[in-house]
Amino acid sequence: MKLDVNVLRYLSKDDFRVLTAVEMGMRNHEIVPSELIARIASLKHGGSYKVLKNLLKHKLVHHDASKYDGFRLTYLGYDFLAIKTMVNRGVFNGVGRQLGTGKESDIFEVVKEDGTVLAMKLHRLGRVSFRAVKAKRDYLRHRSSYNWLYLSRLAALKEFAFMKALEEHGFPVPNAVDCNRHCVIMSLVPGYPLVQVKELQNPDVVFETIIGAVVRLAEHGLIHCDFNEFNIMIDDDEKVTMIDFPQMVSVSHPNAQMYFDRDVECIYKFFEKRFNMLFEENENDSDGSEAEMDEVGRPQFSEINKNSGFLDKELAASGFTRKDQNELEKLTEAELDMYSDSDDERTSDEEDEDMNETNIKQLESLQLEKEDNNHQVADEHDDNHQVGDEHDPEDDGEAESEDDAELVKSLSKQRRKAIQAAHRGKRNFASRNTYKDKGGKSSQSSKVHKQVSGW
């Protein structure tokens, strides 16, 4: 949706009052009922309905009457509320051209009263290009219900906090000016994204500066998680500036090493492909049996000294909190105990082996019983025949069939005994289909039922 700030000139106080009422109602409503909006706005003579019609014409709200008559705030209406608040604070008084569009935000130029140009970033989570926010970002944390406007507000607050702290610690980031709702105001970074740069005078120096920034972030307890050529600005003097911080996590995050290695790999691949930089590889025989391949100068997450600062704890970065740390340590200790405690495993394994041995013994007893029956039948067969008579295969077939019949008979007998033992001591409940004989003599159906229930 295109941001047309000219509409702001024609919005009255009542319009912003109703917009604010819709925003307040969306705290616990996906679609805010019209009656609730009227009660929150408290306009005289039912004026909120006329205002809602005007807001709907400018696409600042969306009407939904599928279940009940109600409205919800659109991103354009949320933009107007944020811009109006910033103008009232005196942060800026004019909005200029659009600088860029990403999968999570739009960036515009804004100008102050003295002519200073700033950058305004409007977070717009929920676009078709990026809706896997719950799986790829941690804005929600423990929350289960949400809407896209609320997620955008959380992302803006997180980015403003990271930017402010990194600036105080001397990192090359934009100057954070102000934040409201899903809007972040920052200084305008001169230059271009690194992805648009085709040629550098000193690519080695720029590469070392970028890798040094990644390592220094890790030393302060943070990992960017999206450090690539799209989020690095470079000016004509080849000065590097980092941008885009909502997805940063702590070095204590369970996937911290993976994120760190991914950021480093992105920089290496880009400089190798764009500026034809070659990174030599050495073979180091550490133990004499295997050759380890390691690129010269590539930073390793395990070798970074993480005692330079505790920005992750100060900023509540994902993965750092003491509660999460304790839960993670407990989970890790439980897994170690599960793998190291061999006694419990032996006990469970011995129980399984005992069960298997019991089943095997039962099968062997059945097999021995079958063999005994075969031997008995064979002895009877030998008594009926003289020594030296010819062996008839048909007689063997008849003997085997008799053995099978005897075995089936014994198994069925054991089955009946087992069923009787299982039902012994249990109360017999009559089924609703049980035949109730009213006469003195039992009918044929009752006789059949008694025979069946006797099993």
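This is a predicted model: local features need pLDDT of at least 70, side-chain atom pairs count only at pLDDT 80 or more; totals for chains, interfaces and linings use all residues.
Me: How many residues lie between β4 and β5 in their hairpin?
Reply: Strand β4 (residues 94–101) is joined to β5 in the antiparallel sense over 5 bridges, and within this pairing G100 stands opposite I107 of β5. The two strands form a hairpin, and the number of residues between them is 3.

Me: Why can strand β5 be called largely enclosed by the rest of the structure?
Reply: A residue counts as buried when its relative accessible area is under 20%. Strand β5 (residues 105–111) is largely enclosed because, of its 7 residues, the number buried is 5.

Me: In the open sheet of 3 strands, what is the strand order?
Reply: The edge strands, each pairing on one side only, are β1 (32–33) and β2 (61–64). β1 is joined by 2 bridges to the antiparallel strand β3 (residues 70–73), where F71 is the bridge partner of V32. The pairing in this open sheet is antiparallel, and the order is β1-β3-β2.

Me: At about what angle does α1 run to β3?
Reply: Helix α3 (residues 47–57) lies across β2 and β3 and runs at about 110 degrees to β2. Helix α1, in turn, lies across β1, β2 and β3, and its angle to β3 is about 95 degrees.

Me: How far apart are the axes of α1 and α4 where these helices pack?
Reply: Two packed helices are described by the angle between their axes and the distance between the axes. For α1 (residues 13–25) and α4 (residues 75–89) the angle is about 115 degrees, and the crossing is left-handed. The contact is made by F16, L19, T20 and E23 of α1 together with G77, Y78, F80, L81 and K84 of α4, a set that divides into 5 nonpolar, 2 polar and 2 charged residues. The axes of the two helices are apart by 11 Å.

Me: Which element gives the most residues to the largest nonpolar core?
Reply: This core holds 51 residues, of which L166, I210, I223 and F271 touch the most other members. Among the elements that each supply at least two residues are α6 (148–168), α7 (203–219) and α8 (256–274). With 9 residues, the element that gives the most is α7.

Note on methods: Residues are numbered from 1 along each chain as its sequence is written. Side-chain values use heavy atoms; hydrogens and water are left out. Axes are lines fitted to C-alpha atoms, for helices over the stretch in contact, and angles run from 0 to 180 degrees between N-to-C directions. Helices (H or I, at least four residues) and strands (E, at least two) are DSSP runs, numbered from the N terminus. A crossing is left-handed if the near helix is turned anticlockwise from the far one by less than a right angle, and right-handed if clockwise. Contact means heavy atoms within 4.5 Å. Ala, Val, Leu, Ile, Met, Phe, Trp, Tyr, Cys and Pro count as nonpolar, Asp, Glu, Lys and Arg as charged, and the others, Gly among them, as polar. A nonpolar core is a set of buried Ala, Val, Leu, Ile, Met, Phe, Trp, Tyr and Cys residues joined through side-chain atoms within 4.5 Å. Buried means under 20% relative accessible area, exposed over 50%, partly exposed in between (1.4 Å probe, protein chains only). Two strands pair if DSSP finds at least two bridges between them.
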